[in-house]
Amino acid sequence: MASVSLTNVVKAFGAFKVVHGVDLDIADGEFVVLLGPSGCGKTTTLRMVAGLEDVNGGEIRIAGEVINDRAPKDRKIAMVFQNYALYPHMTVRQNMEFALKPQRLSKAEVDAKIAGVAAMLGLDVLLHRKPAQLSGGQRQRVAMGRAMVRTPEVFLFDEPLSNLDAKLRTQVRMEIAKLHKQLGTTVIYVTHDQVEAMTLADKIVIMKDGHIEQIGSPEEVFARPKNLFVATFIGSPSMNLFRMTAERGDTGTVLSSPAFSLLLPVELGAKLKPGQAVTLGVRPSDVRLAQAGDADAIEARVEVVEYLGVEALVDLRIGTQEFIAQIPASERPALDQAVKVVFNPAGLHLFDSESGQAL
Amino acid sequence: MNRLSTRQATLVYSVTGIILIIFMIPIYLILASSLKPSADMFSRPPTVFFTPTLQHYVDLFTLRPFHWNIINSLIVTLGSTVFSVTIGALGAFALSRIRHPRINDAAFWILSMRMFPPIAVVVPYYIIFKSVGLLDTPLALIIVYSTANIPLTVWLMKGFFDEVPEALEEAAQVDGYGIVEIFYRITLPLAAPGLAVCAVFCFIFSWNEFLFALMLTGSSAQTATVAVMSFWSSDAVQWGRIMAGSFIILIPGVIFVLTCQKWLVKGLTLGSVK
């Protein structure tokens, strides 16, 4: 086990910069997920840690030692690749043996390690098979097993679940969580799937265009997004956004738009100046149908109702403004009905309309 | 694959049969002529039934040192094949993996070496080998054949290496291996069908080659193809011996191709099914 730290790490392909000075500290045993849309630099960052890409600037340290110029084999890491990268001409056992050979262990030690990992991952019966004779889920497990036998200090996962079907993905995701709990090894995990990130991570690093947008626990990035990108990227369905202007009202600060006005709680209102253009963010789960006696209810029209079993997603419209409410399925309204909704005051997020930063 | 209907099967087997006959007729004529007594060689109509004789084969090895010619051919062919496949595979691996904007130009330049008409370079080769004392040695032919075989191997192997996912090599790097070990433990075994294809092409080209062998060898390094033609002189053409020699020349090629066949078929269909 080891800590990993990236200091001002830069990567460019020719004149094209893909990672712009990334700073990241990963504690010993921490499970960190690099999350972001395609092309955000998350895989490139992981590959730099692995030693598969040169670092053009900055420093990467593992257990306190700068490893920028070390070969992958000298970094005490193991990696699980997106397409598994199992050696097709070797059996499962040979795949694992191959990973152990450079460590020059005795045959008894090799056998013991393979037996241990195979038992942990349920690979015992597959050891004599070749990758072509395995299902996708089994190949995934072999790829993890091959990484685990080496008992690395840091595990690197590059979108390991993206080739599995939805059901298997959930299952393997839980297995990975259990394994991390059991082994306690530092993990850097790349994905574009926020469910994987939210369920697995101790710490999520959200990236966009080669920059880190926010680092925080799953709760932090969900509840206190630092900017509009994080706010809309995390959470499904996405956060509703309303472009509003702050005004000084009789009872406090009011946000107004052509569609509706909203009286802000005092502590939020204090952050705004009259006339300031802001973007109000409200998660669909913080929108509920108004009950009798609710002040500040907003009237909207129901456009679409998506029934999901326990919940329903209701697409609402006020004038040209569309937004979504996530409500209990039993409360779902009929189509084209006019309904009154209220926003949970604790779930209001304010962002500067120009910079996109949270206020 | 779907099973063929009886009609389709009949058609497929008929066409295959016809093609087979077309290809087998020369081989039959070579074998039959090599076993016919000289008197029956040109009788009209041609004799189909005759008392076979091994006299031409005996003459081949007693009147001439044909076994030496065969050995020369084997040395030259195997030498060139092993050398070309080794160097060609290494070159192809480099071309397949190096990222450089001009790498395709380099690949084409290598292939262009194969485009020289042999007759254009045979005289320069003669002069060069004469000046360095390599004339009439197997090494001269190994060098010449390799200059033709290496470009072909590089191009064929590059295609096979391109098919091997780089992630496998990266996985091996992370597992603790250097580039040389990765090449022969991971990439090369996965491109083995390509190696077989290249080996067959190199073998056949070198084994059958006549022009360079005729011009660059005299007596000590003479190959079997040239030796056979020496039975053709201005005063007599000894067809029986020529045919016996030709039939012997056919055998190693067939054995080599059959040995590689398992890989050859796999190799040629590789990439057609994903």
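Modeller: Start with burial. A residue is buried if 20 or more other C-beta atoms lie within 10 Å of its own, exposed if 12 or fewer, and partly exposed in between, with C-beta atoms placed from the backbone. By that count, buried residues make up 33% of the 274 residues in chain B.

Biologist: Before we go on, what am I looking at?

Modeller: This is a predicted model; local features need pLDDT of at least 70, side-chain atom pairs count only at pLDDT 80 or more, and totals for chains, interfaces and linings use all residues. Residues are numbered from 1 along each chain as its sequence is written, and chains are lettered from A and ligands numbered from 1 in the order in which they are written.

Biologist: How do you know how many helices and strands chain B has?

Modeller: From DSSP runs: a helix is H or I over at least four residues, a strand is E over at least two, and both are numbered from the N terminus. Chain B comes to 12 helices and zero strands. Its C-alpha atoms fill a box of roughly 70 × 65 × 30 Å along the principal axes.

Biologist: What makes residues 12–31 of chain B a "transmembrane region"?

Modeller: The name comes from an unreviewed UniProt entry, which also lists 70–95, 107–127, 182–206, 212–232 and 244–264 of chain B. UniProt positions are in the numbering used here, feature names are shortened, and annotations may be inferred rather than shown by experiment. The model gives the shape: residues 12–31 of chain B are 100% helix, with end C-alpha atoms 28 Å apart. Residues 70–95 of chain B are also 100% helix, with ends 36 Å apart.

Biologist: And what is residues 70–260 of chain B called?

Modeller: The unreviewed UniProt entry lists that span as "domain: ABC transmembrane type-1". In the model it is 80% helix and 0% strand. Its end C-alpha atoms lie 21 Å apart.

Biologist: Why is the length of α4(A) called close to expected?

Modeller: The expected span is 1.5 Å times one less than the number of residues. Helix α4(A), residues 136–148, has 13 residues and reaches 18 Å, so it is close to the 18 Å expected.

Biologist: What makes α4(A) mostly covered?

Modeller: The burial cut-off again: 10 of its 13 residues are buried. Among them are Arg139(A), Val142(A) and Met148(A). The buried residues pack against β6, α2, α3, β7 and α5 of chain A.

Biologist: How do you know which residues of chains A and B are in contact?

Modeller: Two residues are in contact if their C-beta atoms, placed from the backbone, lie within 7 Å. On that test, 16 residues of chain A are in contact with 13 residues of chain B. β6(A) gives the most to the chain A side, with three residues. By class, that side has 13 nonpolar, two polar and one charged residues. Ala, Val, Leu, Ile, Met, Phe, Trp, Tyr, Cys and Pro count as nonpolar, Asp, Glu, Lys and Arg as charged, and the others, Gly among them, as polar.

Biologist: What makes a set of residues a nonpolar core?

Modeller: Buried Ala, Val, Leu, Ile, Met, Phe, Trp, Tyr and Cys residues, joined through C-beta atoms within 7 Å. The largest has 127 residues; Val33(A), Leu156(A), Ile188(A) and Val205(A) touch the most other members. Helix α9 of chain B supplies its largest share, nine residues. Apart from it lies another core of 24 residues, including Phe66(B) and Ile142(B).
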